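Thanks for asking me to look this over with you. Please have the sequence and the 3D view open as you read.

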Amino acid sequence: MSEHTMTIGGARVGTGRRFGVVNPATATVFATAPAATPEDVEAAVLAADQAFASWKRDEGARRDAMRTAADAVDAAAPDLAALLTAEQGKPLGDAATEVRRSALWLRYYADVELPVEIVRDDATGYAEVYRRPLGVVAAITPWNFPLTLAMWKIAPALRAGNTVVVKPSPFTPLATLALGEVFRSVLPPGVLNVLTGPDPLGSLLTGHRLVRKISFTGSTETGKRVVAAAAPDLKRVTLELGGNDPAIILPDVEVGAIAPTLFASAFMNNGQVCLAVKRVYVHSSIHDELVDALAAIAQSVKVDDGTVEGAVLGPVNNEPQLNRVRSLVDDAVGRGGRVAAGGSAIDRPGYFYRPTILADVSDGVAIVDEEQFGPALPVIRYDDVRDAVARANNSRFGLTASVWSADAAEAARVAPDLDAGQVSINVHGFGVRPDLPFGGHKWSGIGVENGYWGLHAYTETQVITGPARS
């Protein structure tokens, strides 16, 4: 496998300092990535700052460059997908979908208008509101969807006229490094820079004097540190953080009809999705039936290396996350929980864990109260829907939620009472589109990404007023 390099000022940059990248399907190091130095951080931010002066001025050129970049991503899709599977673990088909969606986000934002808002233009004068770019954006991304979540930041930032320095997770640096290599030939030097490495790279980047905005996706605890780093310089921030996303199942559902979709909503990307179903509240009258249906699916799903044909779920991405899932399941069992399916790691090399359905658990157990971010799902019984909503809302998180019913109108009456940034009816988390805002309530984040709402987050308003125009 070729040695990937960082992108700084449009040039390939290597370093004598490198760190190992583990394939989670084998738990062995299969590649190395460059570990950025403080000098690399300085060079990348300075390159972005210098490129900003010209990049911000020609909107048409920016939009054309973004379309060309999208074509380049599509052309590189096979290589990008293979890297993504090797370092992240997801099945190759899912990795290819992630690459395609990355190109989709670029094209969407290339076509989004950013019009001047005319507030007044009459005989007494005029007033117009403009959206101006901020400058250098630090984009810090997690390991579950390295390319998609990078593009959620890159595409609107570039469209608005900003320049970007991207720092992926050290668990999954390679696909983002390769993305930077793809962009070297299609974007002006310095417009997009990619740095990789372990801590303290993130703090060096977020604390840099020339960075004007930080867009971060990751854990809530790290998000708090990002806000603290931004505060002294009043940097703008967008935070997309954790979730403990509930699904409320009303008693009128046909269990056999919803179970496959509900399972997919919880176990997509092996449960390593901020918006996946993390806990299911189901009416007591159908609780056992739903547990059995979900358990049957869990037992039938093929878990394997993402390169193996037919694999539906791959490994957990990293050993610390595998250990967290294992400890949460063991804790639940120790407190009276029943394993309906799974419940243990798979005895083979790699970070594989059986898809797990837990019954006889309730609020107060860690796997219900906390985000597991892995292939384990607690199913909790309720008797009154108002109680279920109250229990679902009794969380510091509020990212996504869903309500499931044979009567969609009834589900829609329940949905507004859920304290979450997105609430879906009879599906969960599939309302993630480039043209819809995505963001969380409470500890799940600050601000939104996607749509023109997300684009505005990479701008500041400027009002220009003047006398009447003849």
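Here are my notes on one strand and its surroundings, then on a cavity.

1. First, the ground rules. This is a predicted model, in which local features need pLDDT of at least 70 and side-chain atom pairs count only at pLDDT 80 or more, while totals for chains, interfaces and linings use all residues. Residues are numbered from 1 along each chain as its sequence is written, and side-chain values use heavy atoms, with hydrogens and water left out.

2. Start at strand E18, residues 400–404 (strands are DSSP runs of at least two residues and helices, H or I, of at least four, numbered from the N terminus). Five of its five residues are buried, meaning under 20% relative accessible area with a 1.4 Å probe, protein chains only. Thr 400, Ser 402 and Trp 404 point one way, and Ala 401 and Val 403 the other. In a regular strand, side chains alternate between the two faces of the sheet.

3. Now look at the neighbours of E18. Strand E12 (residues 245–249) runs parallel to E18, joined by three bridges, and Ile 249 has Trp 404 as its bridge partner. E18 also pairs in parallel with strand E19 (residues 422–425) over four bridges; pairing requires at least two DSSP bridges. Here Ser 402 is partnered by Ser 424.

4. Finally, which elements each supply at least two residues of the lining of the largest cavity? They are E12, helix H13 (385–393), strand E17 (397–398) and E18.

Conventions
Buried means under 20% relative accessible area, exposed over 50%, partly exposed in between (1.4 Å probe, protein chains only).
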